[in-house]
Amino acid sequence: MAFLEVRNIEKSFGKVEVLKDVSFDLELGEVLSIIGSSGNGKTTLLRCLNYLETIDGGAVSINGEIILDEEYGDRKNPKNKKISINRKHYGLVFQQFNLFPQYTALKNIMLPLELREKERKKKGLNYLDNKQIEEESLELLKKVGLEEKKDNYPCELSGGQQQRVAIARAMVLKPDILCFDEPTSALDPELTGEVLKVIKELKDEFKITMIIVTHEMEFARNISDKVLHLSKGKVASFGTPSEVFDNPANDDTKQFIASYERMKNE
Amino acid sequence: MFWKITSELLNGFTISIFLFTFTLLFSLPLGLLMCFCTMSKVKPLSIFMKFIVLILRGTPLMLQIFVIFYVPGLLFDFQWPMINTGWEWFDSSFSSRFIAALVAFSVNYAAYFSEIYRGGIQSIPQGQYEAAEVLGMNKRQIFFKVILLQVIKRIIPPMSNEVITLIKDTSLANVIAVTELMFVANLKLKTGLIWPIFYAGLFYFIFNGIVTIILSKVEKKLSYFKV
Ligand SMILES: Nc1ncnc2c1ncn2[C@@H]1O[C@H](COP(=O)(O)OP(=O)(O)OP(=O)(O)O)[C@@H](O)[C@H]1O
Ligand SMILES: [Mg+2]
């Protein structure tokens with residue numbers, strides 16, 4: 001039994017089948033990159049995992065416990081209530097950062113934790129006080145190298161800095177798996193490096209399990225334990241970076257890698 | 001003579017300010033309620049409310065004042081209540097006119113406000129809701145902790161326009177003999193005195209200025225972030 005097991009995920013928008021029978025496994029501490037050309041369902045897959053879309057079929061389990069199946073989408077089903085509990089397995093970093101503009105960098109990170117601890121206090125569970133919340137949040141801000149920007153508002157930060165704050169924020173509830181949807185594609189080329197570096201550090205120093213949708217092939221090859229090529233909503237290839245990049249068995253993947261190599265050489 | 005007329009105009013002005021203040025007090029929350037109705041997933045409710053808003057915005061406020069003051073009495077024998085406040089400038093026979101005007105203003109402005117609220121809420125990107133949602137917030141927390149202040153910031157400029165317009169619109173209440181500032185000035189005009197109407201204009205102008213300054217202060221307060 002793998003840590004994360006994704007089984008036969010199906011998803012359609014109306015008549016358009018976007019995900020077809022998507023399955024893969026991921027072990028604790030592993031980094032998975034999802035690659036594929038535009039419109040092949042990468043974002044949709046991440047959104048399904050994060051309960052932002054309802055799936056039509058399939059299931060997801062963590063440590064053998066089912067955390068998503070098709071019944072989760074049905075609002076009348078009691079399982080739907082579990083979404084808020086199961087969500088805590090994931091953190092999600094968006095392409096467009098989506099920081100809350102009215103809060104400082106530090107407050108952006110603190111807010112989710114504050115709200116959760118308030119709930120815990122109400123329920124009579126042990127909880128963190130404001131000072132502890134601030135300390136933990138500041139610690140995360142340090143991890144992404146932005147301690148000195150703690151009092152700055154998002155509009156005062158560069159895109160790369162905003163994304164690093166967003167990464168820290170996604171980690172504040174201590175998710176099991178950190179998901180990224182093209183974390184650098186909204187950034188100017190000269191800013192992608194700092195974000196990729198932070199992600200690399202999270203892997204090297206903290207062994208965080210990650211799923212990264214990316215168009216940065218070199219980065220994917222370097223950081224990943226597993227690579228998944230999604231083509232027309234199907235898993236075309238799934239394996240180690242060298243299996244997928246160097247000798248892909250699948251024709252779609254061959255083509256995709258070849259066209260990428262061509263683009264790089266031009 | 002000057003002081004006597006000043007005091008008469010001031011009495012009228014007090015009524016104008018009353019009308020202005022209470023209209024805002026009622027129409028701001030009522031507008032939010034109407035906005036939630038128009039955005040409701042319950043189709044009949046949303047269609048009904050959209051229709052009401054369309055009518056309120058599509059017909060003259062003066063017409064609505066007449067309708068609200070006269071029609072209930074003519075059709076249902078309903079009289080707007082007379083309240084005894086004990087204030088001499090606000091006698092009980094007058095209060096029914098004032099209340100009718102207040103109802104007309106409140107409902108009319110609520111319709112305008114509801115559209116502004118709706119525009120504001122819909123202009124917040126979906127990504128804000130989704131980011132909050134994946135961070136474990138529930139609907140109430142998302143609205144109050146994440147969305148509301150952004151909406152307020154976005155709607156302050158169009159709201160300011162409406163509020164300024166409302167100051168001037170209070171003069172419409174004179175059509176059902178609410179003795180607000182315009183009504184008093186008009187009485188003087190009918191006796192052949194011209195200057196009080198200019199004097200009244202000055203009252204409106206100064207009040208406008210004060211409100212404008214307050215609103216731009218609020219706008220400035222929220223300028224520390226961008227949406
Ligand atoms: N809410 C939606 N309603 C209808 N169709 C959608 C919706 N979201 C995505 N799609 C469709 O699903 C397909 C997959 O979209 P998706 O965003 O998952 O692709 P992607 O691989 O992330 O692409 P990109 O690299 O451009 O981000 C596309 O054809 C898209 O048009
Ligand atoms: Mg995408």
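1. Start with the second largest pocket. α6(B) gives the largest share of its lining, 9 residues. The model is predicted, and the points below should be read with that in mind. The pocket holds about 420 Å³ of space. Its lining counts 20 residues, and those nearest the centre are L28(B), Y117(B), I155(B), I156(B) and M159(B). Elements giving two or more residues to this lining are α1, α4, α6 and α8 (195–221), and they belong to chain B.

2. Next, the largest pocket. Its volume is about 1900 Å³. The lining has 44 residues, and E133(B), M137(B), N138(B), K139(B) and I142(B) are the closest to the centre. By class, the lining residues divide into 20 nonpolar, 10 polar and 14 charged.

3. Which elements supply at least two residues each to the lining of the largest pocket? Both chains take part. From chain A come β5 (65–69), α2 (83–86) and α3 (105–122). From chain B come α4 (92–122), α5 (126–134) and α6 (139–169). Note that α6(B) also gives 9 residues to the second largest pocket.

4. The structure has 3 cavities of 30 Å³ or more. The largest cavity holds about 50 Å³. Its lining draws on both chains: Y90(A), G91(A), L92(A), R169(A), A170(A) and L173(A) on one side of the list, V134(B) and L135(B) on the other.

5. Where does the largest share of that cavity lining come from? The answer is β6(A), with 3 residues. Two elements of chain A, β6 (90–93) and α5 (159–171), each supply at least two lining residues. The class count is 6 nonpolar, 1 polar and 1 charged.

6. Helix α5(A) also has a packing partner. Helix α4 (residues 130–143) of chain A packs with α5(A) at an angle of about 135 degrees, and the axes are 9 Å apart. Because of that angle, α4(A) is oblique to α5(A). The crossing of the two helices is right-handed.

7. The contact between these helices can be listed by residue. L140(A), L141(A) and K143(A) come from α4(A), and they meet V165(A), A168(A) and M171(A) of α5(A). By class, this contact has 5 nonpolar, no polar and 1 charged residues.

8. Helix α1 (residues 2–38) and helix α2 (residues 43–58) of chain B pack at about 130 degrees, with axes 7 Å apart. Is the pair oblique or roughly perpendicular? The angle makes α1(B) oblique to α2(B).

9. The residues in this second contact are as follows. On α1(B) they are M34(B), C37(B) and T38(B). Their partners on α2(B) are L45(B), S46(B), M49(B), K50(B), V53(B) and L56(B). The classes are 6 nonpolar, 2 polar and 1 charged. Helix α1(B) is also among the elements that give two or more residues to the second largest pocket.

How values were computed:
Residues are numbered from 1 along each chain as its sequence is written. Chains are lettered from A and ligands numbered from 1 in the order in which they are written. This is a predicted model: local features need pLDDT of at least 70, side-chain atom pairs count only at pLDDT 80 or more; totals for chains, interfaces and linings use all residues. Side-chain values use heavy atoms; hydrogens and water are left out. On a 1 Å grid over the protein atoms alone, a cavity is a set of points where a 1.4 Å probe fits but cannot get out, and a pocket is an open set with protein on both sides within 12 Å along at least five of seven lines; lining residues have an atom within 4 Å of a point. Grid points are joined across faces, edges and corners, and a volume is the space filled by probe spheres set on the points. Helices (H or I, at least four residues) and strands (E, at least two) are DSSP runs, numbered from the N terminus. Ala, Val, Leu, Ile, Met, Phe, Trp, Tyr, Cys and Pro count as nonpolar, Asp, Glu, Lys and Arg as charged, and the others, Gly among them, as polar. Axes are lines fitted to C-alpha atoms, for helices over the stretch in contact, and angles run from 0 to 180 degrees between N-to-C directions. Angles under 35 degrees count as roughly parallel, over 145 as roughly antiparallel, 65 to 115 as roughly perpendicular and the rest as oblique. A crossing is left-handed if the near helix is turned anticlockwise from the far one by less than a right angle, and right-handed if clockwise. Contact means heavy atoms within 4.5 Å.
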